[in-house]
Amino acid sequence: MPDLLLTLKTTFGYDSFRPLQREIIETSLAGRDVFALLPTGGGKSLCFQLPALVRPGLTVVVSPLIALMKDQVDQMQAAGVAATYLNSSLDAAAARSRLAGLHRGEWRLLYVAPERLLLEEWQQNLKAWNVSALVIDEAHCVSEWGHDFRPEYRQLSKLRDWLPGVPMMALTATATDRVRADVITHLRLNDPAVYVASFNRPNLSYRVLPKDQPAKQVLEFVNKRAGECGIVYCASRAAAERVAESLAGRGLPARPYHAGLSAEERTRNQELFLRDEVRIICATIAFGMGINKPNVRWVIHHDLPKNIEGYYQETGRAGRDGLPADCLLLFSAGDAAKQTHFIDEMTDANEQQVARAQLRRILHFAESAGCRRAELLEYFSEKYPHENCGGCDNCLEPRDTYDGTLVAQKFLSCVYRIRQSGGFAVGLNHIIAVLTGADNERIQRWGHDRLSTYGIGKELDKTQWAAVGRELSRLGFVGQAEGQFPTLELTEAGMQVLLSRAAISLTKSLEKPVARRVRREGDVACDEILFERLRQVRRTLADERSVPAYVIFGDATLRQMARHYPESESAMAGIFGMGEKKRAEFGEIFAAAIRTHLAENSRMAFAG
């Protein structure tokens, strides 16, 4: 087995592997199929990049997005690795040149889109190129149960017939147990070694706020993070445009990104963001899959996401460099109602059922008073081992509870009375209509205006009753039927509570919390003035080479320089992310900037 740590240090500048990386790499090098689930920012790419350097032949990486290919190839080439890509962004001459290089065996890594790879004439190419490993990145795209299904990914099983003896590695950042099994089956992985890392992203903080004047809330949040890059996710193209215009109108560098823009404008806005010329992208979920920008310091969800997997993937685009990052979700019951309306209009009953279940889970997350981190991990079948994560609003500022016995009794009693009167169950909205004494056609037709619970809940409005109903469901007192009509029924526990009139504690609605500064996971204390100077040096170098700033160095590397003050190229040797090629190319430039800084400023001392 080659010296993997030496390659890790000299090429990538890292002293140690992240969890499971070494095991995945060694298994792959031994020739076995691998399924690896590592969270965003967990170092998936290294799991196939490092083996490609030490094994003979070509490693072919199937990747779904053009931007991701260019991004990773730029970073590989900056580290001295022979990597290239083939996709529709290249003109004919560039494509011919790269194909010729592949036939001559010049490349170690080839990134390619599934559509191109599956062209019939490529079968002969692949056999001629001495392919020694196949990598399927973003492998959840294989599964209809994943949040980003792509039909062309289903065809990748053909590679098994074309290259029968070549080991395959499937990688993803998000997959439930069901999606995992689907991927393994459809890619025809042969007795794969399965590696599942923790989904926990300890450097991310999670916060949910009630949506109230969202334009003002977004502006307030962004203004507190001057100079930092972030993404605002919106549910619609119109909202993405509106938020971008609102921020740009106040002098903040923001651009929209959505499928309604021309390809040229989308590419330009993304490129400006990757190069830190635009700090804020206001986007639909079309943006970000596979974007490897490590210095995204915050993500805002302007609207309620459709599901937990999407939310996890989108928040995961923050803090990929391991430094602290903030995730804010603006929540309103109106957003939930809009999504319910869209679901009601679906014609496929199975799709409806899946969408309703997913909406229930994201509502549960948004309204829960429990640890947000624990809620997220539980969705992916992982138990968070601590009671308080110290990095979400509910752990830092626990919400108040109140004696909800009376309102719970009213709600549960109404569910029971409706069931008893007609022999059938109804949905949440109808129960609320009965409680608040609404006068509509269904209530009249079914005689629910004659129930003893009709109109007994006028002290709360519809939104408040909906929150009570959802919390009683979370507590296990009410169950929701699957299928086309999501009706509510009392559970056994709910019936016992109703009969015993046991005390029930409910959580007060979300309120705007008091902000307070806490030490964050991933914090690297450093000389902030020097850090800004080094950022300017990095920006100049990146612009000269027409690459994103992080291709030169990530923020984590600059912060280490601004903490340890290496004044020579040789002193750079222990800095995180400083591989040999980068040290030779850039070490003296940054060391000179540090010497200049120290000639004008005193050295700061940092604890630890």
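1. Helices (H or I, at least four residues) and strands (E, at least two) are DSSP runs, numbered from the N terminus.

2. Some ground rules. This is a predicted model, with local features needing pLDDT of at least 70 and side-chain atom pairs counting only at pLDDT 80 or more, while totals for chains, interfaces and linings use all residues. Residues are numbered from 1 along each chain as its sequence is written, and side-chain values use heavy atoms, leaving out hydrogens and water.

3. Start with helix 19 (residues 405-422) against helix 22 (residues 462-474): their axes come within 10 Å and cross at roughly 80 degrees. That makes the two roughly perpendicular (65 to 115 degrees; under 35 would be roughly parallel, over 145 roughly antiparallel, the rest oblique). Contact (heavy atoms within 4.5 Å) is made by Val-407, Ala-408, Lys-410, Phe-411 and Leu-412 on helix 19, and by Trp-465, Gly-469 and Leu-472 on helix 22.

4. Helix 19 also packs on helix 20 (residues 428-435), at about 105 degrees and with axes 10 Å apart. This pair, too, counts as roughly perpendicular. From helix 19 come Lys-410, Phe-411, Cys-414, Val-415 and Ile-418; helix 20 brings Leu-428, His-430, Ile-431, Val-434 and Leu-435.

5. Helix 15 (residues 333-344) has 12 residues and reaches 16 Å from first C-alpha to last, close to the 16 Å expected at 1.5 Å a residue (that is, 1.5 Å times one less than the number of residues). Asp-335, Ala-336, Gln-339 and Ile-343 are buried there (under 20% relative accessible area; exposed is over 50%, partly exposed in between, with a 1.4 Å probe and protein chains only). Down the axis of helix 15, the buried residues fall within an arc of 100 degrees, so they line one face; the arc is that of the directions from the helix axis to the C-beta atoms. Their cover includes strand 13 (325-331) and helix 16 (349-367).

6. Helix 13 (residues 263-274) is worth a look as well: its end C-alpha atoms are 16 Å apart, which agrees with the 16 Å its 12 residues should span. Here Asn-269, Gln-270, Leu-272, Phe-273 and Leu-274 are buried. Among the elements covering the buried residues of helix 13 are helix 4 (66-78), strand 9 (229-233) and helix 25 (549-552). After helix 13 comes Asp-276, with a positive phi near 65 degrees.

Technical notes
Axes fitted to C-alpha atoms, helices over the stretch in contact; angles between N-to-C directions.
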